[in-house]
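Please look at how the two parts of this chain meet, and work through the questions below with the model in view.

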Amino acid sequence: MEPYSPGKPIDDVKRELGLERVVKLASNENPYGPSPKAVEAVKLAAEKMHIYPDGAARELSLALSKKLALPIENLIMGNGSDELIHLIGLVFLETDQDELVVGDPSFSRYDAAAQIGPSRLVKVPLDSNYVHDLPAMSRAVTKNTKLIFIANPNNPTGTIVRKAEFDRFLDDVPAHIPVVLDEAYFEFAQGAADFPNARDYVLAGRNVIGLRTFSKAYGLAGIRLGYGFGPAEVIDAINRVREPFNANCLAQVAGIAALDDDVYVQMTVENNRRGLELLADAFREVGAKPLESFANFMYADLGKPAKPVFQALLEQGIITRSGDALGNPTCLRVSVGTEEEMQIFVKALKTVLSPVGAR
Ligand SMILES: *Cc1c(COP(=O)(O)O)cnc(C)c1O
């Protein structure tokens, strides 16, 4: 197995390059810090962290059950949605004949879920618009297929599949195969036309598992909290293999408070929209092709190798993600930051990429 390679930590870059100011636009974190309501809740709960958490995360589950209008037996909490990806793999991928179908490129944790089995990983290239090729994915399904992951919006591309295509796909795929819709960027994408909301499919009794997280729009990446929803028998199976206290006591109260912090989430989503516009304009100005993003990051085809661009930006104190590790060597992924961070990035991008004489 390949070890997970995270975005470069800020302190490492400061030390290695002797820089004082480093802007991290590599891990799609919320640039505005955590939800203030969550911070208050965690401060209070810290006094009780000598007590084991509620293993069923009852209060948080009830809050989510209300918000999603789904029965509590359809819900499960995770130590980040990363943990749920891992657990779903453990439940459904049992032998080295079992197959997991994923898009390529998509989220690397899906690959790990298959490798742990070890089961077979079937990677289906995205279409020419960097969107999940659902017809090709349904053709890749065999009698050995046990699981399908679709990140919607996709990471690293930020693209989405639409409702009509997804409906057709679900009808094509045999009903015994769970289809995971990983909606880590749901809060940014939900307003898009024809966005297929995983929750609606679960309510309708389809074999769909939705995954969401508090790490992105809610600004709680460091405390680790995600959740899943799906058919009750699937949730029951995942519940059996999880650790009894996988959602820790601080994460649970932070989640409850953040769910209630509409002002913070709206501010985040609104600023993100402006940040995406700014990034798209900047990429176009330097002759790159940005993809339309429904998430809090942008993927752009630079039309030339991205690695030297990544390195040049790093030397200016800006951490991004180069697409060469993802199979798109000319693409760069950049998270939306604060307005100030975006200005710093845009200026650096122009010095790194402008044609000579056009500076
Ligand atoms: C960030 C991300 C996650 C992981 O979220 P955590 O809850 O922090 O584990 C899952 N899926 C995708 C597609 C992501 O980009």
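Q: What is the count of salt bridges between domain 1 and domain 2?
A: This is a predicted model, in which local features need pLDDT of at least 70, side-chain atom pairs count only at pLDDT 80 or more, and totals for chains, interfaces and linings use all residues. Residues are numbered from 1 along each chain as its sequence is written, and side-chain values use heavy atoms, with hydrogens and water left out. With a salt bridge taken as a side-chain nitrogen of Lys or Arg within 4 Å of a carboxyl oxygen of Asp or Glu, the count between domain 1 and domain 2 is zero.

Q: Which residue ranges make up domain 1 and domain 2?
A: The bounds come from an automatic or database domain assignment. That assignment gives domain 2 as 36-260 and domain 1 as 10-34 + 263-352.

Q: How many residues of domain 1 are in contact with domain 2?
A: Contact here means heavy atoms within 4.5 Å. On the side of domain 2, 25 residues take part, and on the side of domain 1 the number is 24.

Q: Which residues of domain 1 lose the most area to domain 2?
A: Buried area is the accessible area (1.4 Å probe) that two parts lose on being put together, summed over both. Domain 1 and domain 2 bury about 2000 Å² between them, with 67% of it on carbon and sulfur atoms. Together accounting for 31% of what the side of domain 1 buries, the residues that lose the most are Pro34, Leu291 and Phe294.
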